Amino acid sequence: MKITDAKVFVGGPGKNYVTLKVTTDQGVYGLGDATLNNRETLPAKYLTDYLIPNLIGLDPRRSEDIWQLFYRGAYFRRGPIAMAAIGAIDMALWDIKAKLANMPLYQLLGGKSRDSALVYAHATGADLEDLMDSVAAYIEQGYKAVRVQCGIPDMPTASYATPDAKGGTEPFITDFSGIRPKTEIWDSEKYMRFMPGALAAIRDRFGPELKILHDVHHRLLPREAAAFAKEVEQVGLFWLEDPTPAEDQDALALVRQHSTTPIAIGEVFNSIWDCNKLIEKELIDFIRVAVTYAGGITHVRRIVDLAGQHHVRTGFHGAPSHSPISMAAQAHLNLWAPNFGIQEYLVLGTPACDTLFPSDHYVANGMQHVSEAPGLGVDFDEAEAERYEYKPGSHPIVRLEDGTLWNY
Ligand code: KDG
Ligand code: MG
């Protein structure tokens, strides 16, 4: 059996999804997602210029060897661009493998450890009252877990993932007016004075059952993060996410030393080498890698297994920057992983997105249900894809009030 062709498509409804389709001489094809938010053309180019020419002619069933070939063979290892490109190929090869076996992918991983998987939604508000309305709306829809992000009083712009005005939706997240980023203003002191009380008020209003998550989005120093995590302990958060930038894996030790608030980190990690110390020293509770830019199912599965030995559960990244293909791959991992924790889930499900990526995966009552179709259980409509093209866009950047550049 041989791979005969592989094509990359960039575009989609409201997002530049990077979609890989790998075809074989036996008519079976596989799909992968190499979307790297706001840098989408780069994994696409890495695929077309370097990986695909070496992929043609190989046996698609040798997914492990092909992973090693592209990882070790590059000499310059890791990094989100290469790992997103390798990840897309890996997903496509697992899709092919599971289609050949005529099984949904989770069966090849070891079968179901649960019937459906807990997800969390994004509640957001320009202020606390607005945020409460957003949380209430998700509870009404059956969600058991919500991430809460709130505008901070006296901050001159919206803060991370909050709308400019009441009733607005999360400004997700790419601004398609060009590649020059907008600037948000940040003040950690104002945030630390306001946010613990806001989280406590949400707990008071919605009671003990609601799983409350909060994303600091890398903005605190380790000492500040330790103080914050300690102060919010009585709220009983499900997790506190990205309290510090985690290039320095040891920084999390300070947070751990001072607080029992569960910590989630890793959405920007792209290999096991970015999180092995965090996991082995048991400094975190949830690992947030994504199958896209962490090297696909083959590599993420290794991270999940390491995590499982250290009481670290999964909480795969699921921002709308991931296409339904990688979300499907993660849905299968979620059904299998013995140390599954939660899945971030946003309703990608615009009719246009569903038309481009038809599938039977669905979320109901805050639980993710996985398609029984062979493979990843998601398809890609190439004719529909011709309606879309790449649109340049950017994340905001963050500066302190005096102009100093800070962490977005
Ligand atoms: O590209 C950046 C987004 O993926 C990120 O801001 C989303 O922090 C995020 C989250 O938790 O979903
Ligand atoms: Mg995050």
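Trainee: Is Glu-267 buried or exposed?
Mentor: Glu-267 is buried, with a relative accessible area of 9%. Buried means under 20% relative accessible area, exposed means over 50%, and partly exposed lies in between, with a 1.4 Å probe and protein chains only.

Trainee: Before we go on, what kind of model is this?
Mentor: This is a predicted model, in which local features need pLDDT of at least 70 and side-chain atom pairs count only at pLDDT 80 or more, while totals for chains, interfaces and linings use all residues; side-chain values use heavy atoms, with hydrogens and water left out. Residues are numbered from 1 along each chain as its sequence is written, and chains are lettered from A and ligands numbered from 1 in the order in which they are written.

Trainee: Which residues coordinate the magnesium ion (ligand 2)?
Mentor: The magnesium ion (ligand 2) is held by Asp-215 (OD), Glu-241 (OE) and Glu-267 (OE), at 2.0 to 2.2 Å. Donors are N, O and S atoms within 2.8 Å of the metal (3.2 Å for Na, K and Ca); water is not among the atoms, so sites may look incomplete.

Trainee: How are those donor residues spaced in sequence?
Mentor: The spacing of the donor residues is D-x25-E-x25-E. Glu-241 belongs to strand 8 (residues 239-241), whereas Glu-267 is in the loop between strand 9 (263-265) and helix 9 (276-280), and this pair, 26 residues apart, links distant parts of the chain. Helices (H or I, at least four residues) and strands (E, at least two) are DSSP runs, numbered from the N terminus.

Trainee: And Glu-241, is that buried or exposed?
Mentor: Glu-241 is buried, its relative accessible area being 0%.

Trainee: Now the other ligand. How many residues surround ligand 1?
Mentor: Ligand 1 is surrounded by 15 residues, and the closest are Asn-37, His-217, Glu-267, Glu-344 and His-395. A residue is near a molecule if one of its heavy atoms lies within 4 Å of it.

Trainee: Where does Glu-267 contact ligand 1, and at what distance?
Mentor: An N or O atom in the side chain of Glu-267 is 2.7 Å from an oxygen atom of ligand 1. For Tyr-160 the corresponding distance to an oxygen atom of ligand 1 is 2.9 Å, and for Asp-215 it is 3.1 Å. Taken alone, ligand 1 exposes 330 Å², of which the protein buries 94%. Such areas come from the Shrake-Rupley method with a 1.4 Å probe.

Trainee: What about charges: how many salt bridges are there?
Mentor: The count comes to 23 salt bridges. A salt bridge is a side-chain nitrogen of Lys or Arg within 4 Å of a carboxyl oxygen of Asp or Glu. Side chains of opposite charge can pair when their charged atoms come close.

Trainee: Which residue forms a salt bridge with Glu-267?
Mentor: Arg-288 does, at 3.2 Å from N to O. Glu-267 lies in the loop between strand 9 and helix 9 and Arg-288 in the loop between strand 10 (286-287) and helix 10, so the pair ties together parts that are 21 residues apart in sequence. Both Glu-267 and Arg-288 are buried. A network of salt bridges links Glu-241, Glu-267, Arg-288 and Glu-344.

Trainee: What does Glu-382 pair with?
Mentor: Glu-382 forms a salt bridge with Lys-21, with the closest N and O atoms 2.6 Å apart. Glu-382 lies in helix 13 (residues 382-385) and Lys-21 in strand 2 (residues 18-24), so the pair ties together parts that are 361 residues apart in sequence. Glu-382 is partly exposed at 31% relative accessibility, whereas Lys-21 is buried at 14%.

Trainee: Changing topic, how many residues has helix 10?
Mentor: Helix 10 (residues 296-308) has 13 residues and reaches 18 Å from its first C-alpha to its last. That is close to the 18 Å expected at 1.5 Å a residue, where the expected span is 1.5 Å times one less than the number of residues. Its buried residues include Ile-297, Val-300, Ile-303 and Val-304.

Trainee: Lastly, where is His-311 found?
Mentor: His-311 is in the loop between helix 10 and strand 11 (313-314). His-311 has a positive phi of about 65 degrees although it is not a glycine, and at 64% relative accessibility His-311 counts as exposed.

Definitions and conventions:
Polar contact = N/O pair within 3.5 Å; in protein donor to acceptor, adjacent residues only side chain to side chain.
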